[in-house]
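Here is a walk through one model, contact by contact. Keep the viewer open and follow the residues as they come up.

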Amino acid sequence: MAIQALLVILAVLLALLFLGVPISYAIAVSSLTAILSSIDLNVAVLTAAQRTFVGMSKFSLTAIPFFILAGNIMNQGGIAKRLVDFVMAILGKLPGALLVTNIGTNALFGAISGSASAAAAAVGSMIRDGAEEQGYDPAVTAATNAASSCSGLLIPPSNALITYSLASGGTSVAALFMAGYIPGIIWALCCCVVGVLLAVKLGYKGTPGKFDWKNLGVCTLRALPSLSLIIVVIGGIIGGVFSATEGSAIAVVYALVLAFCYRSINLKSLWKIIVDSAKMSGMVVFLVGVSNILGWVMAFLQIPDAVAAALLSLTSNKYVILLIMNVILLVSGTFMDVTPAILIFTPLFLPICQSFGMSTVQFGLILVYNLCIGNITPPVGNALFVGIKVGRTSLSKVMPYMLMYYVAIIGGLLLVTFIPAVSTALPQAMGLM
């Protein structure tokens, strides 16, 4: 019964997505379709409405609109250039300096803006002209930009981790934020290794001359106000000065002050930013609410228990099961956005991982890491196609280089999956779990 219901949900969901139905409506309809064989339509609809309202009424959900607004404000000019100069001053002597700088800046800018696509667009456009002048292959530059753009989604503040906190029943946001640092850095380092290897192979050298400490000092001072956003917000949350929701509001105020100081926005552009952020927030919050219907249907029909029994019937080896789950998540991430995928797969796979003694924090990082790879993988791959567009090249030219990045990034995924300390060491050291 439960497995049949799951198959109904997946079949209806995929059919509706194929027809172009918005993901939130597709989730609601597929969930109701699966439950109609067990309860009356009127009861199902009323319960679904109630679960949607409950899902959207959680106070911690308020953090997402604020972080979206702060990120959109920070995306407006000035910040990307300062971060590029800062990272270039540190890493400019390495082979393929612009490639490595692109990777490092994406990690910083993605963490500040909370968007892989925004990082790929803003940082990629900053790097592109200099790369063309120095003879870099546009396909290599675009691949490097796209592959590294998602590292910032793991480094806090991260809306994906906040969404997972809600979907998992209240996993500590502070613990998830601290847990995201090492996986995010691993992602960036994996990209750096590939970038340097490509640079050596293709003959891309670093900047000539000795290391310029004076230039580093100047670039650090110019980038410090932007970098301080992460320090202020994350430091306040971890230190217990304010909650994640309060921290998100502080991030908005900080971003506004910084933007006006940089003179990168005015009242007219601010209004547009607010409207765009409200539209984006509305979609995310409604999606979270509607996904609460799916969670209720799964619990009512005992679908997670059935999935766990089915996987355990194949093998009792937890490492094999984790590999199977990773494959499912990697494939799903190629055609599904990060937020809905988190809301769908958390109730399915989290109970299985908990049966192995895995912490909810580690599973959250495995889940988000997997789905971020989907952001740079066709056919959906938003960040990948933004990187290609900004790099003025084509998918066919970029993919041979992307394959190298995929191998390295999936190597990082295996570390996160099979070495718990990668995602739990920092929050445990801080006493957060």
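**Helices and their contacts**

Asp276 and Lys272 sit four residues apart in helix H15, so about one helical turn separates them. This is a predicted model. An α-helix has 3.6 residues a turn, so residues three or four places apart point the same way. The side chains of Asp276 and Lys272 meet in a salt bridge, 3.0 Å from N to O. Asp276 is partly exposed, with a relative accessible area of 31%. Lys272 is exposed, at 54%.

How many salt bridges does the count come to? The count is two. Side chains of opposite charge can pair when their charged atoms come close. Arg222 is partly exposed, with a relative accessible area of 34%.

Charge also meets a ring. Arg82 lies over the face of Tyr262, at 3.7 Å from the ring centre.

Now turn to the aromatic side chains. The structure holds eight aromatic pairs. One of them joins Trp187 and Tyr369. Their ring centres are 5.0 Å apart, the planes make an angle of 50°, and the pair is tilted. Trp187 lies in helix H12 (residues 181-202) and Tyr369 in helix H19 (residues 360-374), so the contact ties together parts that are 182 residues apart in sequence. Are these two residues buried or exposed? Trp187 is buried, at 0% relative accessibility. Tyr369 is buried too, with a relative accessible area of 0%.

Trp296 and Phe300 form another tilted pair, with 6.1 Å centre to centre and 40° between the planes. Both belong to helix H15 (residues 267-300), four residues apart, so about one helical turn lies between them. Trp296 is buried, with a relative accessible area of 17%. Phe300 is partly exposed, at 44%.

Next, look at helix H8 (residues 138-148). Ten of its eleven residues are buried, so the rest of the structure largely encloses H8. Among the buried residues are Ala139, Thr144, Asn145 and Ser148. What do the buried residues of H8 pack against? Their partners include helix H6 (97-113), helix H7 (116-133) and helix H9 (151-154). H12, helix H20 (382-391) and helix H21 (395-418) are also on the list. Asp137 caps the N-terminal end of H8. A side-chain oxygen of Asp137 lies 3.0 Å from the backbone nitrogen of Ala139.

An unreviewed UniProt entry places the feature "transmembrane region" at residues 52-71, 83-101, 185-204, 216-242, 248-265, 277-299, 319-336 and 403-426. Take residues 248-265: the end C-alpha atoms lie 20 Å apart, and the span is 83% helix and 0% strand. For residues 319-336, the end C-alpha atoms lie 25 Å apart, and the span is 83% helix and 0% strand.

Thr52 lies in helix H3 (residues 41-56). Thr52 is buried, with a relative accessible area of 11%. Leaving aside residues up to four places away in sequence, Thr52 touches Gly289, Val290 and Ile293.

How values were computed: Residues numbered from 1 in each chain as written. Predicted model: local features only at pLDDT ≥ 70, side-chain atom pairs only at ≥ 80, totals over all residues. Heavy atoms only, no water. Phe/Tyr/Trp six-rings, centres within 6.5 Å; stacked < 30°, edge-to-face > 60°. Helix = DSSP H or I, 4+ residues; strand = E, 2+ residues; numbered from the N terminus. Buried < 20%, exposed > 50% of the residue type's maximum accessible area, 1.4 Å probe, protein only. Lys NZ or Arg CZ within 6 Å of the ring centre and 35° of its normal. UniProt positions renumbered as here; feature names shortened; annotations may be inferred. Contact = heavy atoms within 4.5 Å. Polar contact = N/O pair within 3.5 Å; in protein donor to acceptor, adjacent residues only side chain to side chain. Salt bridge = Lys/Arg side-chain N within 4 Å of Asp/Glu carboxyl O.
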